[in-house]
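Let's walk through this model together, going from helix packing to the spaces between the helices. Please keep the viewer open as you read.

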Amino acid sequence: MAESAIVSRHLRALWALPGTQLGVVGWPATKRERAFGSWHYWWQAHLIDCAVDAANRVPTPVRRKRIAAIARSHRLRNLTGWTNRYYDDMAWLAIALERAERTAGVTEARSGLIALEKPLYEGFEPAVGALPWRIGSDYYNAPANGPAAIALLRLGRPGRAQEIADWLDKTLRDPETGLILDGIHLPAGEIERPVFSYCQGVVLGVETELAVHTGEPRHGERVHRLLAAVEEHLTVKGIVSGGGGGDGGLFNGILARYLAVVALMLPGEGKEQENDRRVAAEIVRASATAAWANRLEVEGEPLFGHDWSKPATLPGGIAGAGRFTPGGSVTSSRVPERDLSVQLSGWMLMEAAYLVSAAGL
C-alpha cells in the first residue's frame with residue numbers, strides 16, 4: 001500500500017516523454033512541481049532505491065520496468081548526465097543503481113555506475129581520509145562520506161570504504177553521546193555538531209557490511225556502540241523519534257533501512273551480536289507499527305506522518321511548498337506530509353519492516 005500510494009500520487013512521465021517516470025516532489029502538486037521544474041536529485045535516488053525494494057519483495061515485469069524508467073528519467077532530468085557537484089547526491093544514486101543492477105537485473109544502471117564510481121573514488125582526499133561534501137568544498141561530512149563508503153564497498157573498493165569508515169569514527173563520533181556528528185571544516189577544524197538520524201544509519205550500514213566483508217572485530221564493535229547510542233538518544237518507547245519535511249523527510253527512513261541491514265547482516269553468534277540484531281529489528285518494527293497506526297487513509301491509500309509517533313496531517317492544497325536554501329538544501333513544505341521525501345521515508349520503513357519480519361526477527 002505504501003508503494004501504491006507513491007505510484008498513484010507522485011509518479012508521472014517526465015515532460016510527457018514515453019518510457020519515463022519520475023516522482024513529483026509534492027502532493028497536492030504545484031504547477032512547477034508537476035512540470036518537474038523543481039529538481040531534487042537525491043530524493044529521486046531514494047525513489048529508485050524504494051522501487052528496488054518492491055521489486056525484490058515481489059518481482060514483476062512492471063516493477064522492473066519502473067526501476068529502469070525512473071533511472072532513465074533521472075539521467076534526462078539532471079541535464080548534465082548522471083553526475084553533479086555533490087558527493088552525497090552521487091553516492092545515493094550509486095547505491096540505488098548498484099542495487100538495481102545486482103538484485104533486479106536492470107542493465108540501464110551500468111552506464112550510471114561507471115559515471116558515478118569515478119568521481120566517488122577520485123574525490124577522496126588521502127591527506128584528510130575522506131571526501132568533501134561537494135566538489136571544491138572545505139567541509140567533510142557524514143552525509144557524503146557514509147553513503148560514499150557504502151557505494152564504494154559495494155562497487156568492489158573495500159579498502160577505500162574502510163578508510164572512510166575509520167575517518168568517520170575517529171573524526172565525527174561524539175565522545176559524550178556516541179552519535180555521529182554532521183561534519184568538520186578543514187583546515188579550520190571546526191566541527192558542525194547537529195545530529196541527524198540518517199548519519200547514524202549510513203555509519204551503521206557501512207560498519208555492518210565491513211564486518212561481513214573483512215571479519216575485523218572493530219567494525220562490529222562500532223555497530224554495537226552506535227546502535228546503543230541510537231536506541232538511547234534517537235528513540236522513544238522503541239520508535240525512532242522526531243522527523244521533519246524537505247530533505248529531512250528522508251532522514252528517519254534511511255536510518256530504518258540501515259537498521260534492517262544490521263538486523264539481517266551483522267555477523268557473529270555471540271550474545272552481544274544476537275542482541276544487536278534483535279534491537280535493530282525491534283526499532284524497525286516498533287517504528288513501522290507506529291507509522292502505520294498514525295497514517296491517514298486518503299482514497300484508500302496511506303499518507304504517512306513526518307513524525308511516526310504522531311497522527312499524520314492532511315496537506316491543505318498546494319500552498320506552502322518547500323524551497324531551496326542558498327546552501328542547496330530543500331526546506332519542508334508548510335505541512336511536511338505533502339513532501340515526497342516524507343512519503344518515501346514511510347515506504348522505506350515499511351519495506352525495512354517487511355524484511356525483518358520475513359526473516360523472523
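At what angle do helix α10 and helix α12 pack, and how far apart are their axes? Helix α10 (residues 217–233) packs on helix α12 (residues 271–293) at about 35 degrees, and their axes are 11 Å apart. Here axes are lines fitted to C-alpha atoms, for helices over the stretch in contact, with angles running from 0 to 180 degrees between N-to-C directions. Helices (H or I, at least four residues) and strands (E, at least two) are DSSP runs numbered from the N terminus. Before going on, note that this is a predicted model, in which local features need pLDDT of at least 70 and side-chain atom pairs count only at pLDDT 80 or more, while totals for chains, interfaces and linings use all residues. Residues are numbered from 1 along each chain as its sequence is written, and side-chain values use heavy atoms, with hydrogens and water left out.

Back to the pair: α10 and α12 cross in a left-handed way (the near helix is turned anticlockwise from the far one by less than a right angle; clockwise would be right-handed). H224, L227 and E231 of α10 make the contact with E272, D276, V279, A280 and I283 of α12, where contact means heavy atoms within 4.5 Å. By class, this contact of α10 with α12 has four nonpolar, one polar and three charged residues. In this scheme Ala, Val, Leu, Ile, Met, Phe, Trp, Tyr, Cys and Pro count as nonpolar, Asp, Glu, Lys and Arg as charged, and the others, Gly among them, as polar.

Now turn to another pair. Helix α3 (residues 41–57) and helix α13 (residues 340–358) pack at an angle of about 30 degrees, with axes 10 Å apart. That makes α3 roughly parallel to α13 (angles under 35 degrees count as roughly parallel, over 145 as roughly antiparallel, 65 to 115 as roughly perpendicular and the rest as oblique). The crossing of α3 and α13 is left-handed. Residues of α3 including W43, H46 and R57 meet residues of α13, among them W347, E351 and Y354.

What about the empty space? Rolling a probe the size of a water molecule over the atoms shows where empty space is left. The search uses a 1 Å grid over the protein atoms alone: a cavity is a set of points where a 1.4 Å probe fits but cannot get out, a pocket is an open set with protein on both sides within 12 Å along at least five of seven lines, and lining residues have an atom within 4 Å of a point.

The largest pocket holds about 640 Å³ (a volume is the space filled by probe spheres set on the points, which are joined across faces, edges and corners). Of its 29 lining residues, D88, W133, D247, G328 and S329 are the closest to the centre. The lining has 14 nonpolar, ten polar and five charged residues.

The second largest pocket has a volume of about 340 Å³. R99, R154, R257, V261 and L355 are the closest to its centre among 17 lining residues. Helix α11 gives the largest share of this lining, six residues.

Finally, the whole structure has three cavities of 30 Å³ or more. The largest cavity, about 60 Å³, has a lining of five nonpolar, no polar and five charged residues.
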